[in-house]
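Reader: I'm new to this one and would like to know what the labels rest on. Could you walk me through them?

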Amino acid sequence: MSKALGIACLALASLGLAWADELQGRVVKVADGDTITVLDGQRQQHVIRLAGIDAPEKSQPYGQKSKAHLSQAVFGQTVTVTFDKRDRYGRIVGQVRVLGEDANLRQLQAGWAWHYKQYQSEQTPDQRSVYDAAERAAREKRLGLWQGQGPASPEPPWDYRARLKSERQSAQNHTPLSGSRLQ
């Protein structure tokens, strides 16, 4: 009996989304171009990080425009979130669908996010391919954050966050101790 149960568990695991949870609710907040808050039927709020994409931080160029694009698509709308993980901040990481459309993919198609390749192994092969193609097409068409002038590409948010962290650490290491004096 246990051998049959083990085979059944392996078969379900190979389907990938067989273990995924689903949440439905209304979007009550858009924090930035890849993070929303959903209010479910029991009036509980859930912070959702859109899976497979990374949008500019609000303080980066195009950060506010990315947020505005996502807001226009989902704010006040009833959405379905399919997920199977939470990030280190406790946020649900999932695919957001509004009126049957993938909002994560729409951010890529409009050029307001990067395909977050660091986490692409968590996507199905089809999702990986579609998300990658959407980013490449937006770049080629110079949509959204890709419309900038000149040869410089926009700084990816993961590089931006790492740079800010490094700058903060460097500033802390070079701050004189309080009460110390040079003689």
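Author: Let's start with Arg142, which sits in the loop between H4 and H5. Helices (H or I, at least four residues) and strands (E, at least two) are DSSP runs, numbered from the N terminus. This is a predicted model, in which local features need pLDDT of at least 70 and side-chain atom pairs count only at pLDDT 80 or more, while totals for chains, interfaces and linings use all residues. Residues are numbered from 1 along each chain as its sequence is written, and side-chain values use heavy atoms, without hydrogens and water.

Reader: Why does Arg142 count as partly exposed?

Author: Its relative accessibility is 46%. Buried means under 20% relative accessible area and exposed means over 50%, with partly exposed in between (1.4 Å probe, protein chains only). The value of 46% falls between those limits, so Arg142 is partly exposed.

Reader: Gln60 is in the loop between strand S4 (53-54) and helix H2 (63-74). What makes Gln60 count as buried?

Author: The relative accessibility of Gln60 is 6%. That is under the limit for buried, so the label holds. Leaving aside neighbours within four places in sequence, Gln60 is in contact (heavy atoms within 4.5 Å) with Glu155, Pro156, Pro157 and Tyr160.

Reader: How many aromatic pairs does a search of the whole structure find?

Author: Five. One of them is formed by Trp114 and Trp158, with 6.0 Å centre to centre and 75° between the planes. The pair links distant parts of the chain, since Trp114 is in strand S8 (residues 114-115) and Trp158 in helix H5 (residues 157-173), 44 residues apart. At 3% relative accessibility Trp114 is buried, whereas Trp158, at 28%, is partly exposed.

Reader: Why is the pair of Tyr116 and Tyr119 called edge-to-face?

Author: The ring centres are 5.0 Å apart and the planes are at 80°. Rings of Phe, Tyr and Trp (its six-membered ring) pair if their centres lie within 6.5 Å; planes under 30 degrees apart count as stacked, over 60 as edge-to-face and the rest as tilted. Both tests are passed, so the pair of Tyr116 and Tyr119 is edge-to-face. Tyr116 is buried at 10% relative accessibility, while Tyr119 is partly exposed at 33%. Trp114, Tyr116, Tyr119, Trp146 and Trp158 form one aromatic cluster.

Reader: How do you know that S5 and S6 pair?

Author: Two strands pair if DSSP finds at least two bridges between them. Seven bridges join S5 to strand S6 (residues 92-98), so they count as paired, and they run antiparallel. Lys85 stands opposite Val93 in S6. In their hairpin, with five residues between the strands, Gly90 takes a positive phi near 85°. Strand S5 (residues 78-86) also pairs with strand S1 (residues 21-32), in the antiparallel sense over six bridges; there, Arg26 has Thr78 as its bridge partner.

Reader: Which residues touch the most other members of the largest nonpolar core?

Author: Ile36, Ile48, Val74, Val81 and Val96, out of 24 residues in that core. A nonpolar core is a set of buried Ala, Val, Leu, Ile, Met, Phe, Trp, Tyr and Cys residues joined through side-chain atoms within 4.5 Å. Among the elements giving two or more residues to this core are S1, S5, S6 and helix H4 (125-141). A second, separate core of six residues includes Trp112, Ala138, Leu145 and Trp146.

Reader: And what does the whole chain look like?

Author: The protein chain has five helices and eight strands. Of its 183 residues, 35% count as buried.
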